[in-house]
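Work through the following exercises with the sequence and the structure side by side. Each task is followed by a solution in steps.

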Amino acid sequence: HTVFNVTVTCLLLPFTRQLEALVYKLIPEAHSGEDAADDPAIALDDRLLASPGLAIQHCRDAVLTMGRIARKNYAASIALLDQYNAKAAELIREREDTLDRLEDRLGNYMLKIPQDNLSDQDGATLSSLLHIVSEFERIGDYSINVVEHAESLESSGAEFSPQAKLELATIGAAVQEAVDMAVGCFEKKDEALAESSNIHISFEKGASKIGRGKSSTYQVKVS
């Protein structure tokens, strides 16, 4: 038996890539690439609704992934203001589509969780998750606004003045710090840090200037 196993292994060893591709084709769920990681909605099984505590934990995991995607999109969108890249813009929009799908799926799923036997803590967690989902999705929306500004600059051949670039870099870094802190607080369940910080204020001020282009002090040069 041992000789048979060794012989078969040696014969199949040169074909490991082909076997791997066959497994991915036959069982797509086994693929553990970036797309699978970015779409945790597959874990939101309706069968988990029979155990509300478990269902809420799976929702929390999915919301955390939303936060990580939103954080990645913001960082990538800000980079486009400095150096535009069409492929990067396309990837940002693809991830935004994932955020939209997750927001819709999570919202519907959490509303299905039975409220009758929820503990006060689970009820508070569920309410917070519903709010946080919309907040993370809004970060994604701001990121798309930044992408659109970058595309407008690229198509017109315009560029920011040196002073404007400096100010954008400063504001962008401040907002990135706020996003990192928000996602970090949620991941670590650090309520004390969240309450003691000005995450919401710094994000709103920075995003309104970058994402919505409300600052009228930036000078743009057309080359």
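**Exercise 1.** What is the volume of the second largest pocket? Then describe the lining of this pocket.

Solution. 
- The model is a predicted one. In this model the second largest pocket has a volume of about 320 Å³.
- Its lining consists of 17 residues, and those nearest the centre are Leu80, Leu81, Asp82, Gln83 and Phe160.
- Next, assign the lining to elements. At least two residues each come from helix H4 (52-82), helix H6 (120-156), strand S1 (158-160) and helix H7 (162-188).
- H4 makes the biggest contribution, with 5 residues.
- Sorted by class, the lining has 11 nonpolar, 2 polar and 4 charged residues.

**Exercise 2.** Determine how H4 and H5 are oriented to each other, and name residues of their contact.

Solution. 
- Two packed helices are described by the angle between their axes and the distance between those axes.
- For H4 and helix H5 (residues 86-112), the angle is about 155° and the axes are 10 Å apart.
- An angle over 145 degrees counts as roughly antiparallel. H4 and H5 are therefore roughly antiparallel to each other.
- The crossing of H4 past H5 is left-handed.
- On the H4 side, the contact residues include Ala55, Cys59, Met66 and Leu80; on the H5 side, they include Ile92, Leu99, Leu106 and Met110.
- The residues of this contact divide into 17 nonpolar, 3 polar and 4 charged.

**Exercise 3.** Which residues make the contact of H6 with H7, and how do they divide by class?

Solution. 
- Start with the geometry: H6 and H7 pack at an angle of about 155°, and their axes are 12 Å apart.
- This angle makes H6 roughly antiparallel to H7.
- H6 passes H7 in a left-handed crossing.
- H6 contributes Leu129, Ile132, Phe136 and Ile139 to the contact, while H7 contributes Val179, Val183 and Phe186.
- By class, the contact of H6 with H7 has 7 nonpolar residues, no polar residues and no charged residues.

Technical notes: Residues numbered from 1 in each chain as written. Predicted model: local features only at pLDDT ≥ 70, side-chain atom pairs only at ≥ 80, totals over all residues. Heavy atoms only, no water. 1 Å grid on protein atoms, 1.4 Å probe; cavity = no way out; pocket = protein on both sides within 12 Å on 5 of 7 lines; lining within 4 Å. Points joined across faces, edges and corners; volume = space filled by probe spheres on them. Helix = DSSP H or I, 4+ residues; strand = E, 2+ residues; numbered from the N terminus. Nonpolar A, V, L, I, M, F, W, Y, C, P; charged D, E, K, R; others polar. Axes fitted to C-alpha atoms, helices over the stretch in contact; angles between N-to-C directions. Parallel < 35°, antiparallel > 145°, perpendicular 65-115°, else oblique. Left-handed = near helix turned anticlockwise from the far one by under 90°. Contact = heavy atoms within 4.5 Å.
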